[in-house]
Amino acid sequence: MEPIFKNHCCYSKEILLELTKASRKALRIALCAVVLLYCLIVAFFCFVFESYGYAIILLLLAIGFFIFCLYVPHLNANKTYKRYLTLYHVPVETETVFSQAQIIGYNLQTGGQTHIDYHQIQKVTQTDHLYLLRLSQQLVLLIDKQDFSVGDPREFLSFLKQKAPQAVFNIPKGK
């Protein structure tokens, strides 16, 4: 099988942070919106019934929760990075080979291989430095946009669209 594209990805803290932010973006936004709405409603009733102390406490809690929501991806990325360092003593590195028939993922630390059919790709998301190929709720392939050793990176997305027409492509304009 001749590779059409070959990609190397090192799971640095920055890459893991970008993955975490992109994969949980909708959940963070929804959670923040619900908590904000709840706090605003309760604060409104506290002001109406002149319980200013409670209103101020709730508003401070809402601000604290937003700060926490912004910091959670950093906590998750650091935790994952430390786990990888504990297991392998180096950041995880993967190599992903795209052929006409399938995708083969190699974990360079364990020597493990994963064979993936293109029809397994459910969603493709583009971030600043990555393409995230979602295979299931818990399984995502990381493709570093800057580290293709085979193939033209500018043609990668059109190749994926041909091979995985069932996938949803979440590609921001201008990237």
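Me: What does Leu160 touch, leaving out residues up to four places away in sequence?
Reply: Leu160 touches Phe98, Tyr118, Ile121, Val124, Leu133 and Phe169, not counting residues up to four places away in sequence. Contact here means heavy atoms within 4.5 Å. This is a predicted model, where local features need pLDDT of at least 70, side-chain atom pairs count only at pLDDT 80 or more, and totals for chains, interfaces and linings use all residues. Residues are numbered from 1 along each chain as its sequence is written, and side-chain values use heavy atoms, with hydrogens and water left out.

Me: Which residues of the largest nonpolar core touch the most other members?
Reply: Phe98, Ile121, Leu133, Phe156 and Leu160, out of 19 residues in that core. A nonpolar core is a set of buried Ala, Val, Leu, Ile, Met, Phe, Trp, Tyr and Cys residues joined through side-chain atoms within 4.5 Å. Buried means under 20% relative accessible area, exposed over 50%, and partly exposed in between, with a 1.4 Å probe and protein chains only.

Me: Which elements give two or more residues to this core?
Reply: β6, β7 and α4 do. The most comes from α4, with four residues. Helices (H or I, at least four residues) and strands (E, at least two) are DSSP runs, numbered from the N terminus.

Me: And what is in the second core?
Reply: That one is separate and has 13 residues, including Cys9, Ile15, Leu19 and Leu130.

Me: Back to α4. Which of its residues are buried?
Reply: In α4, residues 156-163, the buried ones include Phe156, Leu157, Phe159 and Leu160. They lie on the same side of α4, because they cover an arc of only 160 degrees around the axis. The arc is that of the directions from the helix axis to the C-beta atoms.

Me: Thr125 next. Buried or exposed?
Reply: Thr125 counts as buried because its relative accessibility is 14%. Thr125 belongs to strand β5, residues 123-126. Leaving aside neighbours within four places in sequence, Thr125 contacts Leu130, Tyr131, Leu132 and Asn170.

Me: How do β3 and β4 run, and how many bridges join them?
Reply: β3 (residues 103-107) and β4 (residues 113-116) run antiparallel, joined by four bridges. Two strands pair if DSSP finds at least two bridges between them. Ile103 has Ile116 as its bridge partner in β4.

Me: What about the turn of that hairpin?
Reply: Five residues lie between β3 and β4, and Gly111 in the turn has a positive phi of about 80 degrees.

Me: Where is Gln138?
Reply: Gln138 sits in the loop between β6 (130-134) and β7 (140-144). Gln138 counts as exposed, at 72% relative accessibility.
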